[in-house]
Amino acid sequence: MDYVKLWFGLWGVLWAVYFALDGFDLGVGMIGGFVSRGDEEKRSVLSSIGPFWDGNEVWLVTAGGVTFAAFPGAYASMFSWFYSAMFLALFGLILRGVTLEFRGKVSGPVLRKILDAGFVAGSFVPALIFGVAFGNIFRGLPVGALGYEGNFLSLLNPYGLLTGVLFVVFFATHGALWISFKVSGPPSARAFALAKKLWVATGVLVAAFFIVTAFDTGLYTNYIGCKYLFAVPLICAASFAAARFLAAKRPDMAFFSSMVSIASLVCTGFIGIYPNLLPSRVDPAYSLTIYNAASGPYTLRIMALVTAIFLPMVIAYQFWVYRLFRLPLTAEELKKSGLY
Amino acid sequence: MDVLALSRLQFAATAMFHFLFVPLTLGLCILVAWMETVYVRTGDADHLRMTRFWGKLFLINFALGVVTGLTLEFQFGTNWARYARYVGDVFGAPLAIEATVAFFLESTFLAVWIFGWERLSRRAHASAMWLVSLGVNMSALWIILANGWMQHPVGYIISNGRAEMVDFAALVLNYHAWLQFFHTILAGYVTAGFFVMGVSAWHLLKKKETVLFLKSFRLAALFSLASSLALFAVGDLSGVSVARLQPAKFAAMESVWETRVRAPYVLLTVPDPVNERNSVESLKIPYMLSFMAFHRPDAEVKGLKNFPAADRPPVLPVFLGFRTMIALGMLFILLSGLAFYFSKREFLEARPWFLRLLVWAIPLPYLATQAGWLVTEMGRQPWLVYGLMRTSEGVSESVSSAQVWGSLACLIVFYAVLGALDIYLLAKFARKGPEAA
């Protein structure tokens with residue numbers, strides 16, 4: 001078996017799962033404040049992601065770790081080329097974790113307001129930066145004979161900004177859908193109304209992404225080579241549309257549709273860049289590919305074995321946790337948790 | 001400062017800050033799991049309240065441990081890209097395995113523990129904290145297998161211009177790394193034991209919740225005593241392993257300049273690195289250093305002069321760090337032994353000075369673990385991977401010093417705020433005491 005190809009697939013799936021999962025709690029972080037009035041409602045909104053968000057974020061750590069283990073060349077380049085952006089995302093993630101965990105433990109409305117603002121910023125910044133970063137990867141990076149020729153500002157090209165905003169707005173929609181079926185009472189109705197508006201905005205951005213991609217990137221070359229691959233962007237569009245039509249009657253199914261849509265959107269990009277991991281815009285000769293950036297076959301085989309054993313276990317117990325907490329936390333449970 | 005110096009400073013600062021939270025996490029989850037298990041078995045209401053009280057302190061500490069750990073995983077790529085490229089084939093694997101095997105387990109089941117009081121049987125709820133403990137300690141294992149490989153690289157060959165793994169079993173069964181692992185977790189257990197003893201002592205002095213805090217105190221005293229004794233044994237074996245595998249580090253730890261057989265242990269040493277000698281050497285215990293290094297009184301101990309100056313670690317911090325750690329390690333055995341011996345109510349009430357002493361002892365294990373890592377990592381210099389790659393060869397090529405200045409400055413400000421907030425919250429909830437039943 002060709003382990004390099006297998007690992008490209010796993011690498012893409014891990015990132016896609018991360019965005020599909022953490023997307024909703026990043027979204028709840030961004031818009032939770034707009035759909036709740038007063039501390040009681042705010043607490044119930046936050047508690048809807050309480051049991052899940054940290055487990056979701058581990059998918060990011062795993063995606064990062066797997067990039068390191070399977071494609072060390074890509075890991076080293078991606079993180080050092082995007083140095084400042086990576087630290088910004090990191091600060092966001094730290095801020096988010098700390099403000100959420102400590103919210104219920106500080107006293108005084110001022111300090112709590114500061115923490116709440118930190119949680120919004122900490123949810124928004126990583127979403128934006130991951131969007132900009134992957135947009136730039138999809139578009140190709142200024143990598144020449146002397147290595148990386150870009151800087152922080154060169155990441156902020158129109159295509160990178162488009163994907164950045166797309167990630168932010170899509171996650172916000174995803175988070176609103178989550179609140180609309182996971183939280184009871186007024187926040188749910190407000191989130192449903194907000195989700196309908198955000199859905200339109202996301203739809204415009206997704207359409208723009210698919211169109212601009214044709215002009216500004218080489219992503220569709222692989223699709224033209226193998227027409228069946230168009231199924232993935234089609235699934236993205238279809239499940240996105242389904243999210244809207246299911247929203248009123250089956251908000252839970254709408255949420256799952258939106259999850260599938262996010263995952264397939266990210267996969268659309270990954271399929272497009274294959275076999276590159278970090279394509280060069282200057283000359284394909286400078287691209288980092290799954291062949292020149294990968295670990296040796298021995299390491300890839302060991303890692304495949306470890307993943308084959310442990311990842312199904314992770315999926316099983318995380319699935320169990322989502323079932324265990326499918327009903328909202330009660331006031332008593334929230335009190336016992338000492339959080340929010 | 002150049003990118004190399006700044007990146008080293010940044011890694012050292014963030015790793016040390018991260019390790020302010022890790023040791024307490026390592027031990028406290030086990031104590032909380034134990035308390036809850038006693039509650040499940042006996043139905044003792046005090047143990048339930050203990051579980052909830054110490055569990056809350058555990059959570060405050062855990063949150064910062066998790067987020068500050070992220071910084072380290074990022075930095076291998078951001079600041080040490082050439083390192084990541086050269087050794088990623090070997091070094092990346094334990095990091096990825098740590099996430100897959102340990103991080104998922106601890107974060108998922110911690111959430112189950114926090115929110116699952118009403119949704120699980122008592123037994124299942126207590127099991128959640130045991131799974132967290134398993135995850136936390138396995139996470140330590142995998143990251144230390146990675147670090148142990150930097151100390152004593154095994155199971156690889158140089159091929160395609162980089163280090164490539166050829167023997168995963170050698171990496172996983174790296175004896176030196178396992179010693180480091182036990183050393184680290186036991187130090188964490190001592191930290192947690194002293195934390196619980198110290199906070200309990202504070203409440204016992206105030207005569208608040210005496211029964212509950214006596215139970216906590218006794219458990220923690222036993223835990224600390226057992227751990228600090230085991231730590232002594234593991235520390236001794238680690239010393240032998242370092243003398244064998246990293247002789248320059250061992251020489252720096254004891255500031256030994258000349259190679260000699262039947263080396264004595266010099267209790268009072270004042271290093272003079274500029275002149276490559278010690279300005280003071282007195283109070284010698286004959287044969288002791290040879291015995292410490294190789295468990296043989298006549299063994300030869302290599303001196304620093306045996307190594308080219310460019311291959312020696314900085315002597316002063318390594319030497320001082322090691323002495324600090326050893327002295328504190330001995331003190332922990334003494335203090336926890338006394339605490340265990342005294343841990344009867346009438347004994348403790350008659351000795352408020354001892355309780356006060358234990359309150360003041362809370363920071364000491366933190367100091368010892370910081371000093372220990374200082375020895376391990378400074379002592380590894382100038383190597384990034386011992387004998388294979390120099391630290392100067394690992395730094396990113398595409399990063400500017402302005403960028404690192406920026407990230408370092410932000411990290412310092414940010415971490416200062418987080419550290420202050422964390423200490424404030426820990427102190428607040430530690431003082432507040434347990435909730436009513």
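**Entry 1. Ground rules**

I take the expected span of a helix as 1.5 Å times one less than its number of residues. Helices (H or I, at least four residues) and strands (E, at least two) are DSSP runs, numbered from the N terminus. The model is predicted, so I read local features at pLDDT of at least 70 and count side-chain atom pairs only at pLDDT 80 or more, while totals for chains, interfaces and linings use all residues. Residues are numbered from 1 along each chain as its sequence is written, and chains are lettered from A, ligands numbered from 1, in the order in which they are written.

**Entry 2. Helix α4 of chain B**

I started with α4(B), residues 81-115. This helix has 35 residues, but its end C-alpha atoms are only 40 Å apart. A straight helix would reach 51 Å at 1.5 Å a residue. Where is the kink in α4(B) centred? I find it at Gly88(B), with an angle of about 95°. The bend at a residue is the angle between axes fitted to the seven residues ending there and the seven starting there.

I then checked burial. A residue is buried if 20 or more other C-beta atoms lie within 10 Å of its own, exposed if 12 or fewer, and partly exposed in between, with C-beta atoms placed from the backbone. In α4(B), 34 of the 35 residues are buried, so I note the helix as mostly covered.

**Entry 3. Helix α5 of chain A**

For contrast I looked up α5(A), residues 83-102. It has 20 residues and reaches 29 Å from its first C-alpha to its last. That is close to the 28 Å expected at 1.5 Å a residue. α5(A) is mostly covered too, with 18 of its 20 residues buried.

**Entry 4. Chain A overall**

I count 13 helices and four strands in chain A. For the radius of gyration I use C-alpha atoms, and the globule rule is 2.2 Å times the number of residues to the power 0.38. Chain A has 20 Å, which agrees with the value near 20 Å for a compact globule of 340 residues. Its C-alpha atoms fill a box of roughly 60 × 40 × 35 Å along the principal axes. Buried residues make up 56% of the chain.

Two residues are in contact if their C-beta atoms, placed from the backbone, lie within 7 Å. Among contacts in chain A between residues at least 6 apart in sequence, 77% join residues at least 24 apart.

**Entry 5. Chain B overall**

Chain B has 15 helices and eight strands. Its radius of gyration is 23 Å, close to the 22 Å that the globule rule gives for 437 residues, so I note it as compact as a globular protein of that length. The C-alpha trace spans about 65 × 50 × 40 Å along its principal axes. Of the 437 residues, 53% count as buried.

I also looked at confidence. pLDDT is the predictor's confidence in each residue, from 0 to 100. Chain B averages 95, and 100% of the residues score at least 70.

**Entry 6. The interface**

How many residues of chain A are in contact with chain B? I find 60, against 55 residues of chain B. The elements of chain A that give two or more residues to this side are α3 (53-70), α4 (72-81), α5, β2 (147-148), α12 (297-324) and α13. The largest share, 13 residues, comes from α12(A).

By class, this side of chain A has 35 nonpolar, 19 polar and six charged residues. Ala, Val, Leu, Ile, Met, Phe, Trp, Tyr, Cys and Pro count as nonpolar, Asp, Glu, Lys and Arg as charged, and the others, Gly among them, as polar. The predictor gives the complex an ipTM of 0.93 and a pTM of 0.94.

A cis peptide bond joins Tyr274(A) and Pro275(A), with omega about 0°. I place Pro275(A) in the loop between α11 (251-273) and β3 (276-278) of chain A. In chain B the bond from Gln381(B) to Pro382(B) is cis, with omega near 5°. Pro382(B) is in the loop between α14 (363-378) and β7 (383-385).

Tyr340(A) has phi near 60° and lies in the segment after α13 (331-337). Tyr340(A) counts as partly exposed, with 19 C-beta neighbours inside 10 Å. Leu283(B) has a positive phi of about 60° and sits in strand β5, residues 277-285. Leu283(B) is exposed, because 11 other C-beta atoms lie within 10 Å.
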